[in-house]
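Student: I'd like to learn how to read a structure like this one. Could you walk me through it, piece by piece?
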Amino acid sequence: MPTLFTKIINREIPAKIVYETDKTLAFQDINPQAPHHYLIVPKIEIPTINDLTPETAHYIGELFLSAKEIAKQIGVDEKGYRVVMNCNAEAGQTVFHLHLHFLAGRAMHWPPG
Ligand code: 5GP
């Protein structure tokens, strides 16, 4: 079964897409936690950080390069933004297709809840 995010990548489920490369897709989170809240996903199914391999690890760099471009595009690169990746249940992961949360547009707190 394709993951929810693969269905978004394949345009089988609608999403507000904000950025795309040949390796990644970024779209608005359906339940935004900040004025800008995007999910940046690899175009292959990697369930969690624990499933990364030396062969797929380069996707992490691709996700961060996309985050950098989105930050520039929406004008928060200097002001600030946060990227977060949850791994498994206790960290709050609910969709098991690796994704980087991109949050911006408000002051962030630390530590996160
Ligand atoms: P996680 O909790 O796994 O780190 O993040 C999953 C994220 O996916 C959540 O922030 C949730 O709001 C978002 N999400 C869940 N279902 C959908 C959907 O159908 N479309 C979009 N755009 N985001 C979704």
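Student: How many residues of strand β5 are buried?

Tutor: Buried means under 20% relative accessible area, exposed means over 50%, and partly exposed lies in between, with a 1.4 Å probe and protein chains only. Strand β5 covers residues 100–104, and five of its five residues are buried, so by that definition the strand is mostly covered. Keep in mind that this is a predicted model: local features need pLDDT of at least 70, side-chain atom pairs count only at pLDDT 80 or more, and totals for chains, interfaces and linings use all residues. Residues are numbered from 1 along each chain as its sequence is written, and side-chain values use heavy atoms, leaving out hydrogens and water.

Student: Which way do the residues of β5 point?

Tutor: In a regular strand, side chains alternate between the two faces of the sheet. Here L100, F102 and A104 point one way from β5, while H101 and L103 point the other way. Residues of both groups are buried.

Student: Which strands pair with β5?

Tutor: Two strands pair if DSSP finds at least two bridges between them. Strand β3 (residues 36–42) is joined to β5 by five bridges, running antiparallel, and I40 stands opposite L100 in β5. Strand β4 (residues 82–84) is also antiparallel to β5, with three bridges; there, R82 has L103 as its bridge partner.

Student: And what joins β1 to β2?

Tutor: A hairpin does, through three residues. Strands β1 (residues 17–20) and β2 (residues 24–28) run antiparallel with three bridges, and E20 stands opposite L25 in β2.

Student: What pattern does the chain follow along the sequence?

Tutor: Helices (H or I, at least four residues) and strands (E, at least two) are DSSP runs, numbered from the N terminus. This chain has two helices and five strands, in the order α-β-β-β-α-β-β.

Student: What does the radius of gyration say about the chain?

Tutor: The radius is taken over C-alpha atoms, and the globule rule is 2.2 Å times the number of residues to the power 0.38. For 113 residues, a compact globule would have a radius near 13 Å; the chain has 14 Å, which agrees. Its C-alpha atoms fill a box of roughly 40 × 30 × 25 Å along the principal axes.

Student: How much of the chain is buried?

Tutor: Buried residues make up 35% of the 113 residues.
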